[in-house]
Amino acid sequence: MSRTVAIIGGGYGGAAVAKALEAEADVVLIDPRDAFVNAAGSLRAVTRPEWAANVFFPFDTLLTRGTVIRDRAVSVDPGGVTLGSGRRVEADYVVLATGSSYAYPAKPVADSVSDALDDFRRTHEELAGADRVLVLGAGPVGLELAGEIKEVWPHKHVTIVDPADRLLPGYEPGMVEDLRRQLDELGVHVRLGVGVTPPDEPGRSGTFTVTTTGGDEITADIWFRAHGVRVNSDYLADGRLTARTPAGLVPVTETLNVRGHDHVYAVGDLTDLAEDKRAGYALQHAEVVAANITAQLRGEPPVATYRPSPHPMILIPLGRRGGVGQLPTPDGPSVVPAATVTAYKGADLFTGRFTEQFGPTAAQFDPTAV
Ligand SMILES: Cc1cc2nc3c(=O)[nH]c(=O)nc-3n(C[C@H](O)[C@H](O)[C@H](O)COP(=O)(O)OP(=O)(O)OC[C@H]3O[C@@H](n4cnc5c(N)ncnc54)[C@H](O)[C@@H]3O)c2cc1C
């Protein structure tokens with residue numbers, strides 16, 4: 001019996017489905033990259049390039065039985081996937097896991113580990129020579145970037161600007177208060193309720209002055225964009241598989257099937273589930289999808305289901321020792337201290353956790369990179 005499972009995208013969700021199913025099925029993982037990227041580590045990869053190779057988990061060793069095709073899906077239908085090269089992958093099951101793109105450096109742009117490491121090193125050099133840093137966006141990414149910069153260069157001036165007039169709306173007031181206190185201690189300036197139009201290129205050093213929408217001036221030597229997530233679902237635009245929501249998301253059922261298809265599933269950031277887009281959720285989706293495909297391969301009904309948690313969770317490290325967070329409990333969200341954020345995330349940005357699940361990082365193949 002044919003048992004091919006084509007997984008499109010080897011991010012958190014796709015890599016976890018591939019790993020879970022490679023003993024059960026003929027797994028074909030399709031991704032233009034040569035490694036799984038633990039995006040949670042990208043910002044530290046810029047400030048500590050000697051650590052950066054820990055962010056990458058090469059597909060060659062991540063999968064021991066499955067096949068990896070380095071290509072991009074350009075069209076999908078219930079019977080398989082058409083790739084950018086023109087090649088066709090026929091499949092009995094298809095899993096959409098193409099996630100989202102984020103402005104560099106939060107997610108690398110280059111598809112190969114070596115090119116991505118070069119980019120991180122280049123940005124590090126630009127940043128090292130800049131005294132004043134402007135970050136656009138006071139969401140989790142902008143805040144984490146500020147924390148990583150302050151840990152390596154405590155004396156740099158870091159300003160975060162955001163047109164929203166509240167910091168992290170929707171999260172527990174106690175967490176936001178703690179965040180403000182820690183940012184003050186670090187000397188990170190947060191300017192809410194104003195926007196700026198920065199010079200052309202982010203991540204390049206060169207002094208500039210911008211006037212905010214509030215009418216005052218900010219002078220900085222480098223700037224970074226920390227907003228603007230984009231769902232990767234263009235390859236569904238031909239409608240051969242499904243219609244997308246106006247935001248480009250894929251409608252899924254409780255069993256995480258793409259609506260209307262018994263053998264096609266979706267996980268991660270591109271699903272239309274009513275929850276924040278998080279790696280932690282993508283990993284939970286992966287468990288549900290792996291269980292359902294395993295059941296179907298054994299001739300059983302797919303009964304695993306997923307329901308978004310009503311309580312948002314978040315962990316925002318500010319360097320390796322600081323940070324804020326809230327985690328779900330049966331009684332609702334619980335604000336956690338910096339020590340918990342460090343233990344769960346800040347200390348190694350999940351490197352250890354993913355080494356257990358996915359095997360060695362690229363740092364273990366290239367000792368000169370650590
Ligand atoms: C700086 C930062 C820190 C974060 N920290 C956390 C955190 O602490 N906790 C948390 O839960 N979440 C965190 N997130 C969010 C998390 O990174 C995303 O939710 C997660 O990446 C989504 O995973 P995914 O599996 O949906 O896809 P992604 O991780 O986005 O991976 C998608 C994959 O699909 C591939 N792809 C794209 N298009 C195609 C195509 N056409 N064909 C084939 N392959 C394709 C890409 O190359 C990529 O490998 C963080 C994000 C950032 C940027």
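These are my notes on a few spots I looked up in this predicted model.

**Two helices.** I started with a helix pair, since two packed helices are described by the angle between their axes and the distance between the axes. For α1 (residues 12-21) and α9 (residues 351-358), I noted an angle of about 35° and axes 11 Å apart. On the α1 side, the contact uses Tyr12, Ala15, Ala16 and Lys19, while α9 brings Phe354, Gln357 and Phe358. I sorted the residues of this contact into five nonpolar, one polar and one charged.

**A buried lysine.** Next I went to Lys150, which sits in helix α5 (residues 140-152). What does Lys150 have around it, being buried yet without a salt bridge? Asp131, the nearest side chain of opposite charge, is 11 Å away. Instead I found the Lys150 side chain reaching two backbone oxygens: that of Pro154 at 2.9 Å and that of Leu186 at 3.3 Å. Leaving aside neighbours within four places in sequence, Lys150 also touches residues including Lys156, Val158 and Val188.

Most residues other than glycine have a negative phi, and most peptide bonds are trans. So I jotted down the exceptions I came across. The Tyr104 to Pro105 peptide bond is cis, with omega near 10°, and Pro105 is in the loop between β10 and α4. Leu256 has a positive phi, near 70°, and lies in the loop between β17 and β18. Phe350 has a positive phi too, near 75°, in the loop between α8 and α9.

Are these two buried or partly exposed? Leu256 counts as buried because its relative accessible area is 0%. Phe350 is partly exposed, at 21%.

Methods
Residues are numbered from 1 along each chain as its sequence is written. This is a predicted model: local features need pLDDT of at least 70, side-chain atom pairs count only at pLDDT 80 or more; totals for chains, interfaces and linings use all residues. Side-chain values use heavy atoms; hydrogens and water are left out. Axes are lines fitted to C-alpha atoms, for helices over the stretch in contact, and angles run from 0 to 180 degrees between N-to-C directions. Helices (H or I, at least four residues) and strands (E, at least two) are DSSP runs, numbered from the N terminus. Contact means heavy atoms within 4.5 Å. Ala, Val, Leu, Ile, Met, Phe, Trp, Tyr, Cys and Pro count as nonpolar, Asp, Glu, Lys and Arg as charged, and the others, Gly among them, as polar. Buried means under 20% relative accessible area, exposed over 50%, partly exposed in between (1.4 Å probe, protein chains only). Lys and Arg count as positive and Asp and Glu as negative; His and the chain ends are not counted. A salt bridge is a side-chain nitrogen of Lys or Arg within 4 Å of a carboxyl oxygen of Asp or Glu. A polar contact is a pair of N or O atoms within 3.5 Å; within protein, one must be able to donate a hydrogen and the other to accept it, and residues adjacent in sequence count only if both atoms are side-chain atoms.
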